Amino acid sequence: MTETNAQMEGAPLIAPSTTDHPLYEDIVQACRSVYDPEIPVNIYDLGLIYTIDIKEDNAVNVIMTLTAPGCPVAGEMPGWVADAIEPLPGVKMVDVEMTFEPQWGMDMMSDEARLELGFM
């Protein structure tokens with residue numbers, strides 16, 4: 001086992017969100033206002049938001065993905081997410097980072113999204 005493998009072993013693929021922060025639920029609702037134009041479900045319930053990290057100074061870092069790397073709105077979607085979160089009272093700044101690791105899969109969707117899309 002190499003040193004790099006040892007450091008990564010046990011590390012989560014998706015960093016945990018700051019769920020205990022008072023702004024967390026408002027940020028989730030803001031993310032739910034953003035829709036993938038090709039799928040009639042919001043990006044939060046689709047499972048495209050991997051991490052919402054809220055710092056002590058209320059700076060927000062969002063790590064998200066897309067359903068496919070070649071998504072036609074790949075360049076625009078992070079801006080849509082930032083635009084939805086930035087106006088919230090108390091939010092200092094928003095940084096949205098795109099990742100494709102781990103790759104998105106249908107198992108990341110909420111039950112609500114599965115029902116909406118007819119998978120349940």
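**View 1. K55 and D53 form a salt bridge in this predicted model.** The closest N and O atoms of the pair are 2.6 Å apart. A salt bridge here is a side-chain nitrogen of Lys or Arg within 4 Å of a carboxyl oxygen of Asp or Glu. K55 is partly exposed, at 42% relative accessibility. D53 is partly exposed too, with a relative accessible area of 21%. Buried means under 20% relative accessible area, exposed over 50%, and partly exposed in between (1.4 Å probe, protein chains only). The model is predicted: local features need pLDDT of at least 70, side-chain atom pairs count only at pLDDT 80 or more, and totals for chains, interfaces and linings use all residues. Residues are numbered from 1 along each chain as its sequence is written, and side-chain values use heavy atoms, with hydrogens and water left out.

**View 2. D57 and K92 meet in a salt bridge.** The N to O distance is 3.9 Å. D57 lies in the loop between β1 and β2 (59-64), and K92 in the loop between α3 (77-85) and β3 (93-98), so the pair ties together parts that are 35 residues apart in sequence. Helices (H or I, at least four residues) and strands (E, at least two) are DSSP runs, numbered from the N terminus. D57 is partly exposed, at 42%. K92 is exposed, at 58%.

**View 3. D45 and R32 are joined by a salt bridge.** Their side chains meet at 3.3 Å, N to O. Both residues lie in the loop between α2 (24-31) and β1 (49-54), so the contact links parts 13 residues apart in sequence. D45 counts as buried, at 10% relative accessibility. R32 is partly exposed, at 27%. The count by this rule is three salt bridges.

**View 4. Strand β2 pairs with β1 and with β3.** Two strands pair if DSSP finds at least two bridges between them. β1 and β2 run antiparallel, joined by five bridges. Six bridges join β2 to β3, and these strands run parallel. I63 stands opposite E97 in β3, and T51 stands opposite I63 in β2. β1 and β2 form a hairpin with four residues between them. In the turn, N58 has a positive phi of about 70°.

**View 5. Both faces of β2 are covered.** A59, N61 and I63 are buried on one side, and V60, V62 and M64 on the other. Six of the six residues of β2 are buried, so the strand is largely enclosed by the rest of the structure.

**View 6. M64 belongs to the largest nonpolar core.** A nonpolar core is a set of buried Ala, Val, Leu, Ile, Met, Phe, Trp, Tyr and Cys residues joined through side-chain atoms within 4.5 Å. This core has 35 residues; I27, I52, M64, V81 and I85 have the most contacts inside it. α2, β1, β2, α3 and β3 each give two or more residues to this core. Contact means heavy atoms within 4.5 Å. Not counting residues up to four places away in sequence, M64 touches several residues, including I43, L48, V81 and T99.

**View 7. Confidence is lowest in helix α1 (residues 3-8).** pLDDT is the predictor's confidence in each residue, from 0 to 100. The mean is 48 in α1 and 98 in α2, where confidence is highest. Over residues 1-7 the pLDDT is below 50, and this stretch has two contacts beyond near neighbours in sequence. Where pLDDT is low, the predicted coordinates should not be read in detail.
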